[in-house]
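Hello,

Here is the structure I promised to pass on. My notes follow below it.

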Amino acid sequence: MRRLRVKLKGAVQGVGFRPFVYRLAKSLGLKGYVINDSKGVEIEIEGEEEGLAKFLLKLSKEKPPLARIYSQEILYLEPIGYSDFEIRKSNEEGEKEVLILPDIATCEDCLKELFDPSDRRCLYPFINCTNCGPRFTIIEKLPYDRKNTTMKIFKMCSDCEKEYKNPLDRRFHAQPNACPKCGPWVSLYDTQGNLVAEKEEALSMLIEEIKKGKIVAVKGIGGFHLVCDATNEETVRLLRERKRRQEKPFAVMFRDLKQVEEYANPSELEKALLLSPERPIVLIEKKKELAPSVSPGLKRVGAFLPYSPIHHIILRGLDFPVVATSGNLSDEPIVKDNQEALEKLVNFADFILIHNRDIKRRCDDSVMKVIGGVPTPIRRSRGYSPLPIELPFSLPRKVLAVGGMLKNTFAIGFGNKVFLSQHIGDVENLTTLKVFEENIYDFMKLYEFKPEVIVCDKHPRYETTRWAKWFSEKEGIPLIEIQHHYAHILSCMAENGVKDKVLGIAWDGTGYGDDGTLWGGEFLIADYRNYERVFNFKPFKLIGGEKAVKEPKRVALSILFEIFGKEATDLEIPTLRAFEKNEVEVLYKAWEKGINSPLSSSVGRLFDAVASILGIRQTLSYEGQGAMMIEDLYDYTEKDHYGFTIRGNQIDWREIFYEILKEKDKGKAVSKFINTLANICLEIAKDVGIQRICLSGGVMQNNPLVSRIKELLEKKGFKVYTHQKVPPNDGGIALGQAVYSVDAEK
Ligand code: ZN
Ligand code: ZN
Ligand code: FE
């Protein structure tokens with residue numbers, strides 16, 4: 001039994017929505033209520049997991065014809081035992097929300113017109129209405145009026161203006177309203193910078209070129225995509241070469257749900273996510289192989305559906321799905337401006353489709369994954385940003401939280417809301433640092449916000465931390481530092497509205513610890529004021545420092561040295577075979593003397609070690625690759641686990657690896673390893689005795705691990721909280737940093 005809370009915004013009042021929800025809930029035997037409030041519709045339903053997923057899917061698919069949803073927030077909660085389903089008396093009080101809305105996927109009404117030959121907007125790639133279209137990416141300043149958007153340069157024709165001024169029209173006050181006569185248009189360029197075609201012709205030519213196996217760049221809502229036939233191996237491989245992106249999976253855009261189901265096996269819940277107005281990329285199980293280079297070595301594919309009229313027009317013209325990956329060089333921000341595209345994207349694409357509606361700010365596609373039975377953001381960006389996360393308390397000071405270094409998002413917080421930025425990316429070089437800074441200034445200007453306190457990570461070498469120090473000194477604003485894993489746990493507490501002390505389990509690749517070593521396998525007792533590190537994994541040496549992060553074989557070697565000493569050199573296993581004999585000896589000396597071998601307690605690295613020892617992966621071509629491949633091998637029927645020892649406050653992993661070495665079957669080893677980690681959580685939770693458990697950190701993106709932890713702990717009466725609004729990875733820590741300012745006595 002689960003309880004599900006759904007908050008819907010959009011045209012959901014006065015359109016027969018509540019009776020529809022009532023009938024739907026009744027037909028599925030679900031209990032709870034539906035209510036209108038000043039912000040939209042709130043629904044709570046209780047029932048079996050399958051019924052809840054069906055409810056969500058039908059909510060998207062069968063809603064009343066006039067209902068339009070542009071934001072759907074879903075949250076799985078503990079059941080509280082409703083006895084029936086009821087329509088509650090509406091609560092119209094409370095302030096109307098004046099928020100900047102995210103970009104909203106093309107609605108069904110607009111879609112109908114888009115492909116209606118008699119409509120004046122037939123095949124017009126900028127069709128939109130009050131219920132759909134760009135928002136966040138075109139706003140220059142508040143209030144949200146046409147003159148304050150990048151649409152200001154287009155003067156509405158008389159037909160458009162009539163719609164815009166008519167309160168009964170679907171386009172009443174639709175700020176980006178436009179038509180082929182008065183609005184923006186597309187044009188197609190070749191790599192020499194020549195204009196090849198314009199308007200409808202540009203689109204039909206583009207479609208023909210994609211069919212021929214060409215790679216094209218397409219300007220969308222929050223930036224450019226690189227697009228090509230996802231079933232054409234030669235083309236996809238060429239794209240990898242040009243983008244210098246070895247194996248990191250590409251997202252695939254499908255024409256519709258039917259086409260998704262041809263290639264993949266989405267669950268009901270995943271289908272609901274694909275169809276949600278946010279249109280995120282959803283990680284789902286493959287069924288039929290696309291071009292092998294789309295997501296090499298993985299059993300899942302990142303799938304999404306068209307969300308702008310341009311996508312719809314392109315996908316309708318093709319009978320295959322397309323790769324749609326962000327238009328940039330690996331590790332650089334997504335390209336958004338025409339000029340930049342014509343300079344940079346010519347290196348990747350054979351043709352470039354631009355348009356003359358400017359993108360004010362970048363916004364990458366969002367990524368969702370069902371983890372432990374609930375939809376979890378892996379990247380929270382387009383469709384969700386900049387809607388705030390609501391807190392169970394008010395922030396005493398206006399706070400700017402700069403986030404981490406990898407997968408950066410930052411946040412500003414005031415009142416009971418934290419506004420998390422869109423995905424910024426890995427802030428590791430000057431280019432990304434500049435984008436990070438620009439976006440902070442952008443948020444401050446947009447919200448007329450001046451921070452009273454700044455929060456950053458403790459890591460002295462994070463570019464974001466350095467920036468925060470510089471900015472705090474320059475502006476004379478106090479700066480608070482917070483430990484990385486503590487911020488992870490606070491973010492999980494805050495989004496779940498947890499107020500009391502928790503046992504936080506924060507496992508990730510790496511984070512700067514209070515003792516100067518690298519943490520990442522942490523058990524913390526935490527509240528908003530402070531934390532205590534109560535248990536952690538026994539630290540091991542990362543031979544070669546940064547190098548070990550990219551080479552699981554080095555982590556494995558360190559583990560083996562720890563268990564067998566020098567004799568590890570003679571082991572006949574994949575790890576050793578991945579090195580030259582003399583290399584191993586050099587590394588042994590480095591390990592023994594601790595040369596360039598920082599200590600780490602990271603569970604992410606332990607996953608890497610397992611990947612190496614089992615011969616799954618010796619070097620990584622992108623972050624998290626080893627862990628993803630391990631996840632794919634997990635067998636849900638395996639209930640067995642390995643032995644482990646907890647000495648003092650340290651978890652000794654030696655016994656686990658000793659047994660993995662003896663295991664013949666990879667799948668069994670992986671499954672028992674993951675089960676062991678879950679059992680460790682159970683042991684420690686029982687020992688600590690706090691009922692509320694928060695799971696966070698990049699390792700908690702692993703579905704079998706989180707599912708198993710929840711299963712074991714919930715059976716023993718623990719309440720397990722996971723992420724549903726912000727990512728478990730470093731993309732979520734800005735939220736934890738922001739709420740730390742509540743009680744921090746600094
Ligand atoms: Zn619309
Ligand atoms: Zn017009
Ligand atoms: Fe982290």
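What spacing do the donors of the zinc ion (ligand 1) follow along the chain? They follow C-x2-C-x18-C-x2-C.

First, the ground rules. This is a predicted model, where local features need pLDDT of at least 70, side-chain atom pairs count only at pLDDT 80 or more, and totals for chains, interfaces and linings use all residues. Residues are numbered from 1 along each chain as its sequence is written, chains are lettered from A and ligands numbered from 1 in the order in which they are written, and side-chain values use heavy atoms, with hydrogens and water left out.

Zinc sites

The protein donors of ligand 1 are C107, C110, C129 and C132, each through SG, lying 2.3 Å from the zinc ion. (Donors are N, O and S atoms within 2.8 Å of the metal, or 3.2 Å for Na, K and Ca; water is not among the atoms, so sites may look incomplete.) The site is tetrahedral because its 4 donor atoms subtend angles of 104 to 120°. (For four donors, that label requires all angles to lie between 85 and 135 degrees.) C107 sits in the loop between β5 (85–87) and α3 (108–114), and C132 in the loop between α3 and α4 (158–165), so the pair ties together parts that are 25 residues apart in sequence. (Helices are DSSP runs of H or I, at least four residues; strands are runs of E, at least two; both are numbered from the N terminus.) C107 is buried at 6% relative accessibility, and C132 is buried at 0%. (Buried means under 20% relative accessible area, exposed over 50%, partly exposed in between, with a 1.4 Å probe and protein chains only.)

Ligand 2 is also a zinc ion, coordinated by SG of C157, C160, C179 and C182 at 2.2 to 2.3 Å. Its donor spacing is C-x2-C-x18-C-x2-C. The angles run from 104 to 117°, and the site is tetrahedral. C157 and C160 are buried.

Salt bridges

The whole structure holds 57 salt bridges. (The criterion is a side-chain nitrogen of Lys or Arg within 4 Å of a carboxyl oxygen of Asp or Glu.) One joins K271 and E261 at 3.2 Å, N to O. K271 is in helix α8 (residues 268–275) and E261 in helix α7 (residues 257–263), 10 residues apart. K271 is buried at 13%; E261 is partly exposed at 30%.

D515 and R533 also pair, at 3.8 Å. D515 lies in the loop between β21 (502–512) and β22 (518–526), R533 in strand β23 (residues 531–537). Salt bridges that share partners join R68, D109, E113, R120, R121, E163, R170 and R171 into one network.

Best wishes

How values were computed. Tetrahedral: all angles 85-135°; square planar, octahedral: opposite > 155°, others 65-115°.
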